Amino acid sequence: MTTVNKKEIEKFAALADEWHTADGSFGMLHKMNKMRVRYILGHEDIVGKRILDIGCGGGILSEDLASLGGIVTAIDPCSKSINVAANHGRGEVKYFATSLEDYVQQNDSQFDVICIMEVVEHIDNLEEFIRLSAEILLPGGKVFFSTLNKTVKSFLLGILTAEYILGLVPKHTHSWKRFLRPSELNKFFECSGLEISGIRGLTYCILSDSWSSSSDVSMNYMGFAMRKK
């Protein structure tokens, strides 16, 4: 059972050369990444920890976590994105062009931290994806995630405004049907013995052109999951 959606891979392959272009298709993700890193560091000391960045794309998050002391492995089924990531980095991150299911099948590695940032809305068979993530999580480890809530606001701002009116991200980047409410996402984690906590909203301010953490989860949100007690 594959978790890879081929159309999603083709979409990101077409944009792969822009991963590290400041004003390119992933410019907004670079700005968001600063907040994501601060959130992770606020809930986990990553120095010397084994980290798996799933759906790493061009390595935006992977590079930052490695520079801060994490021992980072990063995977993505889009080979073009992995090539960009590997060529951009300085060797601190181990990159693999593979799906999660193939990586788990071919390796016996386990991790203290697993990152699935801006990933769950792009994959198939989410229950299997979460199960595999839980399978390779070390005791006491955390799965960090960020995604978009399934609300009217996320459709109006996340898709209609961001993609079609302001052009902050490329058109067709997201499908509102794939968005998940926190409660829906938590059901998938619970099926694998994990439970979500630490939910925070991610809010973009167009005036300052920056992201901040907030209590408003109606648009973007992030959190982490751990073994249920």
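Me: Helices (H or I, at least four residues) and strands (E, at least two) are DSSP runs, numbered from the N terminus. Where does N5 lie relative to α1?
Reply: N5 lies in the segment before α1. This is a predicted model, where local features need pLDDT of at least 70, side-chain atom pairs count only at pLDDT 80 or more, and totals for chains, interfaces and linings use all residues. Residues are numbered from 1 along each chain as its sequence is written, and side-chain values use heavy atoms, without hydrogens and water.

Me: OK, what does N5 do at the end of α1?
Reply: N5 caps the N-terminal end of the helix, with a side-chain oxygen 3.1 Å from the backbone nitrogen of K7.

Me: And which side chain has a polar contact with that of N5?
Reply: The side chain of D124, at 3.2 Å. A polar contact is a pair of N or O atoms within 3.5 Å; within protein, one must be able to donate a hydrogen and the other to accept it, and residues adjacent in sequence count only if both atoms are side-chain atoms.

Me: Which residues does N5 touch beyond four places in sequence?
Reply: H122, D124 and R178 are in contact with N5, that is, with heavy atoms within 4.5 Å.

Me: Is N5 buried or exposed?
Reply: N5 counts as buried because its relative accessibility is 13%. Buried means under 20% relative accessible area, exposed over 50%, partly exposed in between (1.4 Å probe, protein chains only).

Me: Which residues of α1 are buried?
Reply: In α1 (residues 6–15) they are E8, K11, F12, A13 and L15. These buried residues pack against α4.

Me: New topic. How do β2 and β3 run?
Reply: Strands β2 (residues 71–76) and β3 (residues 94–97) run parallel, joined by 4 bridges. In β3, F96 stands opposite I75.

Notes. Pairing = 2+ DSSP bridges.
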